[in-house]
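Here are my notes on the two-chain model that you asked me to look over. Please read them with the coordinates open beside you.

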Amino acid sequence: MSKGFASTYRIILLAVLVFSAFAGLGARLVWLHVLGRDELLSYIQQARAEILPDYARRGNILDRNAALLAGSVPLNILQVDPSDLRPGDEAKWPELARLIGLPLPALTKILTTKYRSAVTAPPAGGSASRLALNLTGEDDVKLGDADAQGRRLIQWAKLSDQVSESTNAEIAKLNIHGVYSTRVYRRAYPHGELASHLIGFVNQEQEPVQGLERYLDFYLRGENGWKESEKDGHQRELAQFRSRVVHPADGYDVVLTIDAVVQSIAEAELSGIAAKYHPAKATIIISDPRTGYLLALANYPTFDPNSYNKLTKEQQPAMQNVAVNSMYEPGSVFKIVAVAGALDAGLITPQSRFDCTVPTAWYKGRSGGRSPADGPATWKLRPIPKEDVTDHFDHPLTVAEIIAHSSNKGTVQIGFAMGDDLLYKYARAFGFGELAGFPVGGETPGRLGHPGTADWYGRFTRIPMGQSVDVSVLQMHRAMSVIAAGGNLLVPQIVREIKTSTGETVFRYGPAVQRRVISAATAHTMAGLLWGVVNKGKEGSAPEAAIAGFDVVGKTGTAQKVRTDGVPGYLDHHHVISSFIGFFPADNPQVDISVVVDDADSHATPNGTAYGHVVAAPAFHNIALKLIPYLDIRPNRLEVSRATLAFNGGQQ
Amino acid sequence: MNTPLRSGFINPALACALGFLACSGATGVGAVWLQHQISVAANENKALEQRIAAVRRSSEQLSAEIAFESDTAALLQRNSQMKLGMVAPALDQQLTIAEDPIRHLSAKQGRELFRNSNEPFTGLRLALGH
């Protein structure tokens, strides 16, 4: 190297350049890290930082045998950005159409429609095709701002919102540019209408609307998690920059006391009743009287929670849980209250006799059935042929006979013997006029009246025979369960357990006694009296409910419907509420079954009136026959049958 | 003329400088490698999470499909479609017993076996195995 090249001037120049370069770098660093720090940081955070939500899974609703009644199903919403499609992918469209079950012309039209006019009328009527819905529904398409020509760019259009994981994987393999999917959880009710009034449903936004879905939302919902992270220029997460991860807490599973098989038996029986008698509504409740656990609660009409939004306005009443929110006059089945109360108070015994041919009975100056203000103080009962027949007795009836024949006159005299205060006390103790604490369905307390009110005596003279008192089916069911449960009023239970998604029990609901209503001895006596209703042949009012080998206990009810047109009084005997409520086996009750049918078609009955023993008792019988093998209910009477002979090799 | 003192001064300095550069370089490379490994591990974790989530979704979907297929109405429809003719037993076809049915039926079969035999029962001869 010559000295001339490495002159002092050049060395100084080089040093200045190098120094300037370093000084420039230093200045830039100061600018970036000190002066412009806040602005740049916010820009970077906007560009790179992201919060990724991690959605919690809503808990399942299970029956008592862990059968899934409501669950969250992972689905994919398949969407397309029509502007982002590539011509080279057109050959894959037929396969895509096949996978999502959409006709190829319809799919082609969605994929090739890039704009939509700013004002487009929604499709008219039900003839709108899936295609039309996809292009005009607010939820099925996202539009950009209108351009100068008044057109709005379709940013994305929904192809399907029911794509399964496996189908989604196949679609991903097609690798069609512009077609992408979003994973979501959707609530599914695998058994459709089964127990829909209990389970309820969540809406499209996954918000609970009614039933247990709403009542137990706190447990079912869970807590969403999230990840604080960064993303690259392709919007992909840079996992190494995750700064915080909060895992989602999945919702708890809820185990019901309901048994899906028992529920389906009840609903099948209701369907049979509906097909034969065309009632306005009907309810079946099945429970275990020893625990208060409901095994089934079915209403007619009903609905499918999977398609709740397809119900018309006229069909929407089907969503009401009429077993708990609808009131009715129970009729004769309410007689168990007066008789059990009088027995428990020691006022009567099963052998006590009452003259059931008397035209009038008096209580504090008023006659049974009507007050002096209503007219002549004569006994006037409903002109029911059965009552006319049983009205002519050659001897005073015992209490057992009053129950077996369902004598109105006899029961009213028993009620008079109790007095209005005591009858009211026992009616309240049986759970009437108060809420049972049932969590779903908008429970009604019913209407019992109260001593001291203006219309009380008018009510009291009718209450013993089940008139002038409004109850829900659930209340009447509980009242019968008091006798089955040895005199205790149990809290009706619908939820058995709350569990984590890993199966650990969080809370377990056990049987809960609300109060003792009658003594165990009285309950036993009542069961014996009600046994006569079913098992005394023609002397009882419901031999249709009898089952060979089993002591069935129950009571019928046939109540004329109250007029709803503003005119006081009742409709004719073609419009009645038929019921049968009972349990079996008598000595060890395992199931309590209530069947209540509102306004069955009387023309479909042999006698022109839909009596409880004609409409409801056979349904009780049919249900019981199916429950015996399923619940392994043992007979309490050994009867020799063909099966016995075969089993024993021809020997008894 | 030898200059051992000067050479002795420069060589250690050069060696230190080179050593320092090597250490700095190694530390830098190590830090980059570590960052890369963190990135790789994070991406592997992410992939595993996605696989677990996919398996879980698949499992949940399968459970739902099983639930849909085991609905009573669906089973009855399948029974009808496939003409299986399965019906619930009538009450008179059922027998509830208190004893073990297998023992009972075995005993009954044994009784019938001996009843059908024409030869008189003369006792049992047991042979011990070797």
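The points below take up confidence, each chain, and then the charged pairs.

1. Basis of the model. This is a predicted model, in which local features need pLDDT of at least 70 and side-chain atom pairs count only at pLDDT 80 or more, whereas totals for chains, interfaces and linings use all residues; side-chain values use heavy atoms, with hydrogens and water left out. Residues are numbered from 1 along each chain as its sequence is written, and chains are lettered from A and ligands numbered from 1 in the order in which they are written.

2. Confidence in chain A. The mean pLDDT of chain A is 85, and 89% of its residues reach 70 or more, pLDDT being the predictor's confidence in each residue, from 0 to 100. Two stretches call for caution. Over residues 121-137 of chain A the pLDDT stays under 50, and the model has 27 contacts for them beyond four places in sequence, where a contact means heavy atoms within 4.5 Å. Residues 369-390 of chain A also have pLDDT below 50, with 40 contacts beyond near neighbours in sequence. Where pLDDT is low, the predicted coordinates should not be read in detail.

3. Overall make-up of chain A. Chain A contains 21 helices and 26 strands, taken as DSSP runs numbered from the N terminus (helices H or I, at least four residues; strands E, at least two). Of its 652 residues, 50% are buried, on a scale where buried means under 20% relative accessible area, exposed over 50%, and partly exposed in between (1.4 Å probe, protein chains only). Among contacts in chain A with a separation of 6 or more, 71% join residues 24 or more positions apart. The chain exposes about 30300 Å², of which carbon and sulfur atoms supply 55%; accessible areas come from the Shrake-Rupley method with a 1.4 Å probe, and for residues only the protein chains shown count as cover.

4. A covered helix in chain A. Helix α15 (residues 408-418) of chain A has 10 of its 11 residues buried, including K409(A), Q413(A), F416(A) and M418(A). The N-terminal end of α15(A) is capped by S407(A), which places a side-chain oxygen 3.1 Å from the backbone nitrogen of G410(A). After α15(A) comes G419(A), with a positive phi near 90°.

5. Chain B. What elements make up chain B? It has three helices and zero strands, and from the N terminus on they run α-α-α. N79(B), in helix α2 (residues 72-81) of chain B, counts as buried because its relative accessibility is 13%. The side chain of N79(B) reaches the backbone nitrogen of G85(B) at 3.3 Å, and, neighbours within four places in sequence aside, N79(B) is in contact with L84(B), G85(B) and M86(B).

6. Salt bridges between the chains. The count over all chains comes to 29 salt bridges, each being a side-chain nitrogen of Lys or Arg within 4 Å of a carboxyl oxygen of Asp or Glu. R57(B) pairs in this way with E165(A), the closest N and O atoms being 3.2 Å apart; the pair crosses from helix α1 (residues 4-69) of chain B to helix α6 (residues 165-174) of chain A. R57(B) is buried at 12% relative accessibility, and E165(A) is buried at 11%. E237(A) forms a salt bridge with K46(B), with closest N and O atoms 3.8 Å apart, and this pair crosses from strand β11 (residues 237-238) of chain A to helix α1 of chain B. E237(A) is buried, with a relative accessible area of 11%, and K46(B) is buried as well, at 17%.

7. Salt bridges within chain A. K561(A) forms a salt bridge with D598(A), the closest N and O atoms being 2.8 Å apart. Because K561(A) lies in the loop between β24 (553-560) and β25 (576-584) and D598(A) in strand β26 (residues 591-598), the pair ties together parts of chain A that are 37 residues apart in sequence. Both K561(A) and D598(A) are buried. Elsewhere, a network of salt bridges links R58(A), R187(A), E207(A), E213(A), D217(A) and R221(A).

Conventions:
A polar contact is a pair of N or O atoms within 3.5 Å; within protein, one must be able to donate a hydrogen and the other to accept it, and residues adjacent in sequence count only if both atoms are side-chain atoms.
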